[in-house]
Amino acid sequence: MSDIFSQTVIQLGATTITLGQVLVFCSVAFLCLSVAMIVTLLRFSRARAIAVSEAAENARDAEARMVEILRSQAEMQGRMGAIAEVFGTRQAELTQSISQRLDAMSGRLGQTISEQTRATHENLSRLQERLATIDSAQGNIQALAGQVVQLQAILSNKQTRGAFGQSRMEAIVADGLPMGTYEFQATLSNGNRPDCLVRMPNDTPSLVIDAKFPLEAWNAIRAAETPEAQKAAAQAFRRDVEIHIRDIAGKYLIQGETQDTAFMFVPSESVFAEIHENFEALVQRAHRSRIVIVSPSLLMLSIQVIQAILKDARMREQAHVIQGEVIRLMEDVMRLDERVRRLQTHFGQATRDIDEILVSASKVTKRGQKIEALELSSNAGQTGSGADEAASAPAATSRTGQLRLRIVEDAD
């Protein structure tokens with residue numbers, strides 16, 4: 001047996017493994033495996049016991065939780081019942097509140113609808129009134145359109161158009177200046193007759209205003225439809241205005257008789273603006289010729305300035321008269337002051353007299369308060385003591401002898 005166990009089984013280099021060693025190793029391995037299996041079985045049984053105990057404990061916990069869940073479910077059912085009851089009550093209240101609000105809203109809506117209906121009727125009535133006003137205004141506009149057509153027919157004629165500009169200029173001058181300070185169609189020393197001649201104060205030369213502005217070329221510019229026609233009409237307008245400026249400067253600017261500047265009246269603000277915007281050369285030519293182009297508004301402003309100058313000149317002319325009136329006014333004021341002072345003296349004397357009268361009245365009042373008694377008796381009925389008192393005291397006896405006043409004076 002020892003030989004069998006000592007037989008070599010495995011040769012690993014210098015190390016020799018015998019059969020006995022192999023058997024011993026197998027036995028040890030088997031023993032270790034058995035011990036490991038026993039330990040594993042013991043651990044498994046212990047783990048199983050622990051699992052069984054845990055399962056039992058989990059079952060108890062689950063049962064307790066189930067009981068708790070059932071109790072919570074019962075409480076939840078009770079709460080749900082209470083909530084359902086509360087919800088029912090609240091729903092009834094909400095339904096009642098909604099119905100009340102709907103009723104109130106229906107009432108307000110009906111009231112609002114009635115108010116809106118009334119307002120609509122009022123607006124419709126006002127609209128009808130305004131439509132009636134618009135109809136009347138439309139009639140007025142139609143009448144005005146007819147008048148505009150008539151005005152256009154008037155302005156289509158050169159003579160009537162000149163008369164229109166002349167009348168407009170005359171209206172502005174007559175509204176702004178007093179009578180005697182202007183003259184229409186006055187004759188100058190050279191025989192020419194300007195449209196208006198304004199008399200300046202202090203024997204200074206008069207101001208000439210011309211209202212015959214050429215509008216034919218301007219109407220041609222407005223009526224032109226092509227650029228070539230507009231250019232030709234603009235050239236004709238520039239030429240006519242230059243001729244008119246030259247005529248005013250040659251006819252109406254007379255040394256010593258008229259001012260060295262004259263007004264050329266343009267009866268339209270739009271034409272005046274167009275000249276200053278698109279015909280600057282004409283404006284410069286007029287300035288060099290001492291001609292001022294004025295529109296109705298500028299003429300009105302110039303007339304107001306002339307009116308102020310005339311008023312200032314008249315004030316200067318009447319300065320000595322005003323001074324004399326002021327001197328006489330001061331004399332009247334001095335006499336008034338003297339008379340007031342005398343009246344004050346009289347008032348002072350009257351005040352002193354009244355004070356003396358009041359003093360006398362107070363004395364009379366005091367004397368009246370000193371009267372103590374009135375004695376009505378005859379001369380025979382008086383007693384000796386009474387006669388003695390009457391003889392000793394001041395008395396006032398009536399003519400009939402029936403009335404006697406006894407006056408008692410103070411010790412002072």
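These are my notebook entries on a few features I looked up in this structure.

I am working with a predicted model, where local features need pLDDT of at least 70, side-chain atom pairs count only at pLDDT 80 or more, and totals for chains, interfaces and linings use all residues. Residues are numbered from 1 along each chain as its sequence is written, and side-chain values use heavy atoms, with hydrogens and water left out.

**Entry 1: a surface patch**

I looked for nonpolar patches. Met76, Met80, Ile83, Val86 and Phe87 form one on the surface. Together they have about 490 Å² of accessible area. Such areas come from the Shrake-Rupley method with a 1.4 Å probe, and for residues only the protein chains shown count as cover. A patch takes residues with over 30% relative accessible area and no salt bridge; like charges are joined within 9 Å, nonpolar side chains (Val, Leu, Ile, Met, Phe, Trp, Tyr) within 5 Å.

I picked out Val86. It is found in helix H2, residues 19-156. Helices (H or I, at least four residues) and strands (E, at least two) are DSSP runs, numbered from the N terminus. Val86 has a relative accessible area of 39%, so I noted it as partly exposed. My scale is: buried under 20%, exposed over 50%, partly exposed in between (1.4 Å probe, protein chains only).

**Entry 2: salt bridges**

How many salt bridges does a search of the whole structure find? It finds eight. The test is a side-chain nitrogen of Lys or Arg within 4 Å of a carboxyl oxygen of Asp or Glu. Side chains of opposite charge can pair when their charged atoms come close.

- Arg71 and Glu75 meet at 2.9 Å, N to O. They are four residues apart in helix H2, so about one helical turn separates them. Arg71 is partly exposed at 40%, and Glu75 is partly exposed at 36%.
- Lys212 pairs with Asp210, with the closest N and O atoms 3.2 Å apart. Lys212 is partly exposed at 41%, whereas Asp210 is buried at 2%.
- Arg290 and Asp260 meet at 3.6 Å, N to O. Arg290 lies in the loop between helix H7 (280-288) and strand S7 (291-294), and Asp260 in the loop between helix H5 (227-252) and strand S6 (262-265), so the pair ties together parts that are 30 residues apart in sequence. Arg290 is partly exposed at 47%, and Asp260 is partly exposed at 44%.

I also found a network: salt bridges that share partners join Glu68, Arg71 and Glu75.

**Entry 3: Lys251**

Next I checked Lys251, which lies in helix H5. Its relative accessible area is 37%, so it counts as partly exposed. Which residues does Lys251 touch, not counting those up to four places away in sequence? I listed Leu188, Asn190 and Asn192. Contact here means heavy atoms within 4.5 Å. Lys251 and Leu188 are 63 residues apart in sequence, yet 9.2 Å apart in space, C-alpha to C-alpha.

**Entry 4: the two sides of H7**

I finished with H7. Leu282, Val283 and Ala286 are buried there. They cover an arc of only 100 degrees around the axis, so they sit on the same side of H7. The arc is that of the directions from the helix axis to the C-beta atoms. On the other side of H7, Ala281, His287 and Arg288 are exposed.

What covers the buried residues of H7? The cover includes H5, helix H6 (269-278) and S7. Arg290 follows H7, and its phi is positive, near 60 degrees.
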